[in-house]
Amino acid sequence: TLRKPISQSSMADWASKNLNMHTQGIFRRRISISNMLSWNGGSIKKPMLITSNRTIKKEACEMFKLVQSYMGDRQTRMDRNHVALVTVTKCWSMQGLRDELYIQLIRQTTDNLCYRSLAWGWELMAISLAFFSPSPKFQSYLEGYIYRHLDSDENIAQRIKELVDLKNKKITKSRKKRKQNTEDEGLPISTYAKYCYRKLQKVAVTGGKKGLRKPTVEEITHARNAIVTPSLFGSSLEEIMLRQQDMYPGNKLPWVQTQLSQQVLALGGEQTEGIFRIPGDIDEVNALKLQVDQWRIPSSLSDPNIPASLLKLWYRELEEPVIPQQFYKECISNYENPDAAVAVVQLLPELNRLVLCYLIHFLQIFAQPSNVGRTKMDVNNLAMVMAPNCLRCQSDDPRVIFENTRKEMSFLRMLIVHLDTSFIKGLV
């Protein structure tokens with residue numbers, strides 16, 4: 001469900017307080033907010049947002065050229081993949097540039113007469129959201145902008161036609177016109193907007209790409225492809241099963257879940273101290289995530305903590321948790337009652353029930369006394385590290401979150417100890 005973000009009047013108020021108002025002409029007249037936030041074919045002399053950081057001031061102007069290059073509004077020798085990589089890397093490395101990039105993209109996708117340029121601007125926004133979030137104070141503004149474009153395709157086409165007609169009246173025959181293109185090239189803008197809206201909700205919570213390794217061309221390509229082809233991470237269980245229908249039509253469980261689980265065991269995870277508690281190297285986890293999203297498991301893996309960390313991430317990033325939200329209250333109400341806890345599992349939708357039972361069966365292997373002696377991860381520790389990946393508390397009250405965390409752990413512990421998962425053996 002999409003929550004309605006801030007109103008246009010609130011957005012205008014935000015812009016009036018945060019925009020670094022530009023001037024033009026020999027008398028340095030201030031440009032209006034509407035012009036500041038409309039497509040511009042020239043360069044900019046200072047950042048769009050107010051800042052005192054000299055590096056940001058310089059980089060912002062260079063970044064505007066990169067945005068124009070990616071959108072096809074400025075000539076460049078670099079291919080678009082490389083332009084996106086340079087842009088994203090600048091912002092990923094320099095936090096102060098992130099809001100600046102998003103406001104520049106808002107500007108260049110507003111009253112843009114060229115549909116192809118417009119689509120590429122939205123595409124760059126979608127790619128950027130795969131790597132970093134806007135600041136909390138800018139998030140509501142960006143959210144409001146995206147929200148207005150969720151069902152805007154007819155309005156956009158009409159607006160482009162109006163602007164083209166207006167410009168054609170003003171322009172003289174002797175002046176060179178920018179190539180107009182009102183026909184759809186590629187995806188509808190609403191497709192980009194819907195993807196960006198969902199991505200913004202997630203990245204605001206997760207914080208985007210982590211680790212020390214800078215973004216790569218492969219990650220840029222993957223982020224672009226995810227607009228059309230949903231990732232195995234961050235999607236719903238239903239979407240994941242639909243996506244694997246062609247490759248694994250007979251599978252009852254998500255391929256990513258079974259493959260990563262089997263990798264943990266194949267690499268001796270049940271004999272590894274601190275498994276699921278000690279994180280794998282974040283850059284290696286990111287690299288494996290990229291491979292898994294292309295239906296590949298590399299043969300070079302040696303550390304079971306890598307697939308174990310990615311498996312936890314997969315559960316945690318599911319669009320809806322393995323135990324859907326409507327069952328949350330029932331779970332934390334029956335955290336001390338084994339029979340009631342097991343009964344909740346039987347109420348789950350069939351796919352969720354199978355996925356959860358597979359996970360519990362997997363954890364029961366680690367809970368065996370012979371393995372606990374080596375891993376130092378008993379049933380309490382397993383429940384502690386896995387409960388946040390299966391249940392999500394919706395409250396913002398720290399006291400409620402703290403109290404429920406204990407109940408979530410206890411509920412999962414009940415399942416590990418008491419749930420009969422023998423039927424899951426051999427299921428894929």
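How many residues apart are K17 and D13 in helix α1? K17 and D13 lie 4 residues apart there, in a helix that covers residues 8–18, so about one helical turn separates them. This is a predicted model.

## Salt bridges

K17 and D13 join their side chains in a salt bridge, with N and O 3.1 Å apart. K17 is exposed, at 57% relative accessibility. D13 is partly exposed, at 37%.

Helix α17, residues 350–366, holds another pair. There, E350 and R353 are 3 residues apart, about one helical turn. Their side chains form a salt bridge of 3.2 Å, N to O. E350 is partly exposed, with 47% relative accessible area. R353 is buried, at 16%.

A further salt bridge joins K289 and E317, at 3.6 Å from N to O. K289 belongs to helix α13 (residues 282–292) and E317 to helix α14 (residues 305–317), so this pair ties together parts 28 residues apart in sequence. K289 is partly exposed, with a relative accessible area of 21%.

| Salt bridge | N to O distance |
|---|---|
| K17 – D13 | 3.1 Å |
| E350 – R353 | 3.2 Å |
| R198 – E239 | 3.4 Å |
| K289 – E317 | 3.6 Å |

The structure has 15 salt bridges by the rule used here.

The chain divides into two domains. Domain 1 takes in residues 8–167, 188–209 and 216–226. Domain 2 runs over 237–426. Their C-alpha centres are 38 Å apart. Domain 1 gives 7 residues to the contact, and domain 2 gives 6.

How much area is buried between domain 1 and domain 2? The figure is about 570 Å². Carbon and sulfur atoms give 49% of that area. On the domain 1 side, R198, E219 and H222 lose the most area to domain 2. Together they account for 62% of what that side buries.

Charged and polar pairs cross the boundary. Between the domains there are 3 salt bridges. The count of residue pairs in polar contact, both residues at pLDDT 80 or more, is also given as 3. On the side of domain 1 that touches domain 2, two elements give two or more residues: α9 (189–206) and α10 (217–225).

R198 forms a salt bridge with E239, with the closest N and O atoms 3.4 Å apart. R198 is also one of the residues of domain 1 that lose the most area to domain 2.

## Cysteines

How many disulfides does a search of the whole structure find? The search finds 0. C196 is in no disulfide, and its nearest cysteine sulfur, that of C91, is 15 Å away. C196 is buried, at 0% relative accessibility.

A disulfide needs two cysteine sulfur atoms within 2.5 Å. C357 is buried too, with 1% relative accessibility.

## D73 and its polar partners

D73 sits in a loop. That loop joins α3 (54–70) and α4 (80–93). Which side chains make polar contacts with the side chain of D73? One is that of W39, at 3.0 Å. Another is that of S117, at 2.9 Å.

## K57 in helix α3

K57 is placed in helix α3. K57 is partly exposed, at 38% relative accessibility. Setting aside neighbours within four places in sequence, K57 is in contact with P47, T51 and S52.

How far apart in space are K57 and M386? Their C-alpha atoms are 44 Å apart. In sequence, 329 residues separate K57 and M386.

Definitions and conventions. Residues numbered from 1 in each chain as written. Predicted model: local features only at pLDDT ≥ 70, side-chain atom pairs only at ≥ 80, totals over all residues. Heavy atoms only, no water. Salt bridge = Lys/Arg side-chain N within 4 Å of Asp/Glu carboxyl O. Buried < 20%, exposed > 50% of the residue type's maximum accessible area, 1.4 Å probe, protein only. Polar contact = N/O pair within 3.5 Å; in protein donor to acceptor, adjacent residues only side chain to side chain. Domains from an automatic or database assignment. Contact = heavy atoms within 4.5 Å. Buried area = accessible area lost by both parts, 1.4 Å probe.
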